[in-house]
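I would ask you to look at the structure while I speak.

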Amino acid sequence: MSDFAAYPVQTSSPASSNGTVLPPSLPGTSLRKERGAIAAQACDTCRARKQKCDEQRPKCGTCQKFNVECHYREPQPTKKDKTLLEILDRLKVLDVLNVLENKIDHLSWRMDHLVATCHPNTNSTTTATHLAPPPPLTTSTGHSVGIHGVHPAVAHHHSPEGLSNGGPHALPNIASLTEDHYQYVSAVHQMLAWPAIQGHLTTIQPKCPTRNLKSVATDGPAMALGAHLPMDHTIPISVQTGENYNLGPVSAPISAFGLDWDIMQTLSKAYFDTISLLHPILDRHTFLTQTLPTLFKNGVDHKLQSTIAFLVFALGEVALGNYRGAPINVHGGRPSGMRGGSKSHPPGITLFNEARKRLGFSVAETSLEMVQAYTLASTYCATCSYPMGFWKMIREASLACQSLIMINPEVLSSPQADLLRRAFWHCAVMETCLNLELGFPLTGLEKMENVVSLPDFSTSFTDYDYVSNQETQYQEHFASQIALRRLLVEFHGTLSRSPYNTTAPSTSSTPNRIRHMATDLERWRSYLPSNLQWQEDTPGAFPSSATAYNGPSIYSPVTTATATTTTNSTPAVSPMLPTPQAGTTFMSSVSPGVSRASMTGSGVMPQALANVTASGLRSPPMSHQQPILNSGLGPQHQPVPQPQMFTADLDAPPIRYPYAHDVQVALLRSRYYYAKYLIHRPFLYKALHHPDAMMQEDAIGAAECLKASLKWPIAMSPASLQKRFVPCPFFFTQNFFGILVLLHLVLSNKVPILTKIKDTLCGGERFELEAKKTVELYVDWIRDLKDVEPSAVWDWDVVCAMYGLEGNG
């Protein structure tokens, strides 16, 4: 069992007169003992009497006492809720626009088909256009128009184009394609099969004798899952090497598992203050007020409630290890961004094994809890770099979600509906990542998108949820990720419909389609709330609204070395943060009116505060990090350096943001740059294989692809130092590897057309400097993960040979 002695004690359990330890009536509220818990939603009777409501359903205690009707009004949207509703309304507008554009694309495809049929290419016996069937008209979710007359929850659609139902998306038959046609591919291992890339890898092969670089096109998914390793990369069942895992009892008091009330609260808080904000699957209020007291009183058993609790505890230990644990490796004095545990013993493994031991008892259940359990299990596998386990668990979560909706469609209108919608869209986003990057089969979840609306976070919430959303806007981040995923599906379907005739741009609609897609992507970014927006050419900048600094904000970094605290400067709700280390900086907000004693008594380290001026405002430090310049800008037009949320200087002391806010922001931006890089990659193919046919618009598209590949925030500090919080990390590992191959071609100046594009359209010397810094970032990412992530092992050997690095890095 892991040593929990180091965990801070969040609160003490009250003792009864006979000395028996009892759980607090409302877990998680002991930090604010001077006031009672805030009711999430009082009934009309209690609201009129101005008294506290116990929120019992269907009748609260007061209404039962007076034998009157109990009615709960619908919650009114807050300012943040209204922002979320605005996002949903804008998505509806995008839906209408995309339907019209898809109809235009369909007509363009038909025109291409007629031209190719009437004027076949004389250099080929079979035109590539004949390889693709006519595409169905699609809605913005990628579904074909028209539904068979069955229950909406099980209506039969065509899968989104290019995203196959029941099998991997169709890989092009490279042998049957002519050299002048490019079949769009999304996966990195497919891109590495390009003839020009294969030729480049051939020159590297002698420096990398242990890897067969010709097999990457077919073995890419197996490499990502670790199947190429001599031993299976599976989740350990032992605590230490050579030690047998103690199965122990399935049903027992919590003390039998080394847990007590304080530890359960600490681990739960660590989970809900970090990982839960990235994947808002559970309801914090319900878990703290119902699940924990029940476990404390009755002990754990084989039911899903206990399974979910163990998964939360395991992820809480991951969160603590991510902040406090020792790095798994150190390179050149720089600690790894993977912290806590080791490859053979990741943080939380003992608690996770207790959860998966119980998971088997519930596999036949059809319930929201079953969906949540598999989703949490997949999240744990991702945090500990077990991609095979992650894929299997997220697949089971998707299937369980489909089963629940098909068997009990009324659940979509029940009080649990919003939690189900959150789990549904989380699974949809993860499935899309796996399908685009590895060609993994979809489960059919995408067929239900038309009956599962977007989440609105209408469930009960605590003051902790309110504060964390005010600080990070995690609800808006979640909704924006869903919208971006829908655009990615659209882009993939559009580009997969037919090959791109790279030698005859005048008869191909692909460039026009890409322009339309780039416009849609920019429209998505412009529709983001102001507190999520950023300037595209400065990926490391603070959100646009952060430049106002109208009051104390989490965007105001402070250094613990110079911190001074006052009685009224402690946040009302403290997020889970580590004990400060020398040279570590923290981000904090100020909520006056809460004494320091109310925080220190809980054992949780209060956030440091400093540099508070007389007006109560704090100025952010100026970063020397220069933004990427737009093409054509000269030195005299360089912008004044602005405060940076992310930095490419991995040796600088990292800034700590509460609630994993840096990871939330980095994920949203990095996926945006990924989408832009992906849709412009066909132009890069043309530049590599048919430079003589390049037109100005093709060169501009190739330049956009190269610029979009630079300095993704997820690889910059401080987000890159919290790799255990990154969902599906091998997705980024694979893409960073592919970009490193492309940048090596560009920086080596061995391809004249790329050199010309770099010098004339990308910014010349400035681009080259940014590209070299990007190489450092992505190499560091792969170096960090090579000891724990199977996909990084193969990639590291090739990167070392390509860039002349020391293999033992």
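I begin with glutamine 473, which sits in the loop between α15 (463–472) and α16 (474–495). Helices here are DSSP runs of H or I with at least four residues, strands are E runs of at least two, and both are numbered from the N terminus. What is before you is a predicted model, in which local features need pLDDT of at least 70, side-chain atom pairs count only at pLDDT 80 or more, and totals for chains, interfaces and linings use all residues. Residues are numbered from 1 along each chain as its sequence is written, and side-chain values use heavy atoms, with hydrogens and water left out.

Is glutamine 473 buried or exposed? Glutamine 473 is buried, because its relative accessibility is 4%; buried means under 20% relative accessible area, exposed over 50%, and partly exposed in between, with a 1.4 Å probe and protein chains only.

Leaving aside residues up to four places away in sequence, its contacts (heavy atoms within 4.5 Å) include Pro280, Ile281, Leu282 and Phe478.

Finally, the cysteines. The whole structure contains zero disulfides, a disulfide being a pair of cysteine sulfur atoms within 2.5 Å. For cysteine 208, the nearest cysteine sulfur belongs to cysteine 800, 8.6 Å away. For cysteine 728, that of cysteine 433 is nearest, at 5.4 Å. Cysteine 728 is buried, with 2% relative accessible area.
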